[in-house]
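Thanks for coming, everyone. Let's take a quick look at one structure together.

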Amino acid sequence: MLAETYKTLSDDIKSKFDIVFVSSDQDQASFDEYFHQEMPWKAIPYEDRDRKNKLSKQYKIRGIPSLIVLKPDGSVLTENGRDEFTAAKAAVIEKWIKGETLYWSRKPKDDSEYVWKTGEDDGDAVACEQCFMKPIVGDRFRCTEKDCDKDLCNECTEKNVHNEHGREKLIKYLIPKRHYSLKELLGDGQVLIRTNSGKDRLPVADAIKDKKAIGLYFFAHGYPPSHQFTRKLAEIYRQMSDSAETAYSFDIISVSLDCNDKELLEEYLQNVPWKTVPFDEAGQVLKLHSYFNIVDLPSLIVLDSKGEILAKNGSKAIDRLKLEAVEVWSKGEKIQTPLPPTPPEEFIWSSISCDGCKTFPLVGLRYQCKQCLADGKARYSYDLCKACKENGHEHQVELVPQPLDEGNQEEED
Ligand SMILES: [Zn+2]
Ligand SMILES: [Zn+2]
Ligand SMILES: [Zn+2]
Ligand SMILES: [Zn+2]
């Protein structure tokens, strides 16, 4: 890719910019083949391994290919030449010869402007894929067109520079940790509701009206742990709806993360008694998913009528306390007592499958065979479920201790 672009550079640019290949090839023959067949630029002779090693050390090269861009005085313009080139192709070379790097950013004007970084590393910064502001400061937008997923800054959005998929495809992110009302979170669209006559739609405002608490249920129908929890939640929801003595002021709106599979979702809709964000509203799904920073599925976030979080781990509360959890939330309150630990037979090893019966995820007691691991029958661990262990295994197996539940008190931000 770099070679193709290099060949199209004008003589003027080539007089100001050049590339030198520093080979990590195994031997002279591979170097000859690679360099002479594919590279239109210069190289340090292969036999000069000293110089190669010195350069690798000086620029702390860990992965290849790596492109370090130097200024005329020998100082580093960017160590990220590869990423910058991948993002902008020939346009970045024009910047480099002016002594500029691709990415730039600005200071926030005031506290209301958010700096879009997901962590402390430079790599965690979100870049505008149009003007290359990194991190994006201020409002952040995203194109929800399938396979586009471009991140954009406010300025680029206002100038309408990314217009091939239409303005209506762009959604504005909610600012992490900032408080929003239920209405702001859920928008003023509609939710799907299953009625006896099939599926129907209801305005969001009607769905949340007079409710003391709303559970946002994030799930992926194609992911087995979601299935199991959906069944459990549906059972509790039905008990709640059937209850004669108590009127619960609670409802659930589900947010599907695999909204592309229409057939699967029709099936889902026929089997759940609550409301659902329409599957074609990819923007709304993305907004909620990113705002609540959902990492594990399924996940039930419970909010009160003002949008304050009552429970981040609502699925665990439902798991342990069943209808009791709903009773507390229905008063607009948080659950104060610590949740009892997960019974061993219900514990879900979310990333582990049984190497015997291949069930994924492994649920309940988990056993490991060190011999099978040593024999190369598994990469990280050879695991068996309780049933497979009881069916008999040729080697000695050990019970894997169940991890402690992380604190179930909701941490304050
Ligand atoms: Zn921009
Ligand atoms: Zn787009
Ligand atoms: Zn098994
Ligand atoms: Zn074994």
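Which residues have the most contacts inside the largest nonpolar core? They are Leu185, Leu186, Leu216, Phe218, Ile253, Leu288 and Phe292, in a core of 36 residues. A word on terms. A nonpolar core is a set of buried Ala, Val, Leu, Ile, Met, Phe, Trp, Tyr and Cys residues joined through side-chain atoms within 4.5 Å. Buried means under 20% relative accessible area, with a 1.4 Å probe and protein chains only.

Now the ground rules. This is a predicted model: local features need pLDDT of at least 70, side-chain atom pairs count only at pLDDT 80 or more, and totals for chains, interfaces and linings use all residues. Residues are numbered from 1 along each chain as its sequence is written, ligands are numbered from 1 in the order in which they are written, and side-chain values use heavy atoms, without hydrogens and water.

Domain 2 (122-172) and domain 3 (182-329) both contribute residues, so the core lies between them. Those bounds come from an automatic or database domain assignment. Apart from this core lies another, of 32 residues, including Leu233 and Tyr248.

Next, the metal. Cys128, Cys131, Cys153 and Cys156 coordinate the zinc ion (ligand 1) through their SG atoms, at 2.2 to 2.3 Å. Donors here are N, O and S atoms within 2.8 Å of the metal (3.2 Å for Na, K and Ca). Along the sequence, the spacing is C-x2-C-x21-C-x2-C. Cys153 counts as buried, at 1% relative accessibility. Cys156 is buried too, at 5%.

Note on methods:
Buried means under 20% relative accessible area, exposed over 50%, partly exposed in between (1.4 Å probe, protein chains only).
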